[in-house]
Each structure stands twice: as structure tokens, then as C-alpha cells.
Amino acid sequence: MGSISYKISDAELEVMSILWREKQAVSFSAIRAELSDSMGWEKSTIATLLRRLQKKGAVSVQEKEIHYYMPNITKDEYMMFRKNSLIDKLYNGSTKNFVAALCQNGELTEADIDELKSYFRMGDKNT
């Protein structure tokens, strides 16, 4: 897919979560039923979110007797974009500085650090 640069709002992410979970095209009525129950959103709000996602290129629509929506990006692609965006914004693109900040702030346990070390060792074997 190339470089993913979708800026998806928290509300739009609720819609994307449904599409990613279902792994198939989802009807507007199914999306609406779930978001009306879980978020209390009206039909117009959900339609607006889907239009925005479609305009951004994050979803596409299949027009049959009713509209079915499907994601154009995977959850993993979006998560990678968000991770890179966060690291770029807060740590000038340095993953090392990001990890160091987690370690220095005590947000990682010794077990977490040991697990990360094993990931680093595995990465060395792949190069």
C-alpha cells in the first residue's frame, strides 16, 4: 500500500475497529446497529464518519442493494503509521530515545526489558 498517512480520529477509529474485526464488507445497518448500541450515536453521525473515512481513502464502499463498507488499510498498517507518527512527533524519529524514555520513567518492568532484549537479539540474527 505504500506509505500510510491517514489521520483517523478516535470516533473514526471506532468505525475502523468494526471493519477490521469483521474481515469482510460490512453493511451500513450493521455498523449503525453496533455503534448506536455501544456509543449512542445517531445514524447521521455514523454516516458522516463513514463519508470522512471514504474521503480519506481509508475505506471503500460496495454499492449493492445497500452500502457495504470495507477497510482499505489493515489494522497493522494503521498501527505502524500511528507508532511512527508518535515517535516522529515526540522523539524526533528516534525509536531508541522512545524506548530509553520508557526505561527511564520506570514504565517497563525488568521482565519487559528482558523480553525486549530477546527481541533485539532475534533482530541481530536476521541481519
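**Notes on the fold, helix packing and pocket**

1. Start with helix H1 (residues 10–22), which lies across E1, E2 and E3 and runs at about 85 degrees to E3. Helices (H or I, at least four residues) and strands (E, at least two) are DSSP runs, numbered from the N terminus. Axes are lines fitted to C-alpha atoms, for helices over the stretch in contact, with angles from 0 to 180 degrees between N-to-C directions.

2. Before going on, a word on the source: this is a predicted model, where local features need pLDDT of at least 70 and side-chain atom pairs count only at pLDDT 80 or more, while totals for chains, interfaces and linings use all residues. Residues are numbered from 1 along each chain as its sequence is written, and side-chain values use heavy atoms, leaving out hydrogens and water.

3. Now the sheet. It is open, with three strands in the order E1-E3-E2 and antiparallel pairing; two strands pair if DSSP finds at least two bridges between them. The edges are strand E1 (26–27) and E2, each pairing on one side only.

4. Strand E2 (residues 59–63) and strand E3 (residues 67–71) run antiparallel and are joined by five bridges. A hairpin of three residues links E2 to E3.

5. Ala11, Glu12, Val15 and Met16 of H1 make the contact with Leu49, Leu50, Arg52, Leu53 and Lys56 of H3, contact meaning heavy atoms within 4.5 Å.

6. Helix H4 (residues 75–91) and helix H5 (residues 95–104) have axes that come within 9 Å and cross at roughly 80 degrees. On the H4 side, Leu86, Ile87 and Tyr91 meet Thr95, Asn97, Phe98 and Ala101 in H5. By class, that contact has five nonpolar, two polar and no charged residues (nonpolar: Ala, Val, Leu, Ile, Met, Phe, Trp, Tyr, Cys and Pro; charged: Asp, Glu, Lys and Arg; polar: the others, Gly among them).

7. Finally, the largest pocket is lined by Lys7, Ile8, Phe81, Arg82, Ser85, Leu86 and Lys89. By class, the lining has three nonpolar, one polar and three charged residues. A pocket here is an open set of points on a 1 Å grid over the protein atoms alone, where a 1.4 Å probe fits, with protein on both sides within 12 Å along at least five of seven lines; lining residues have an atom within 4 Å of a point.
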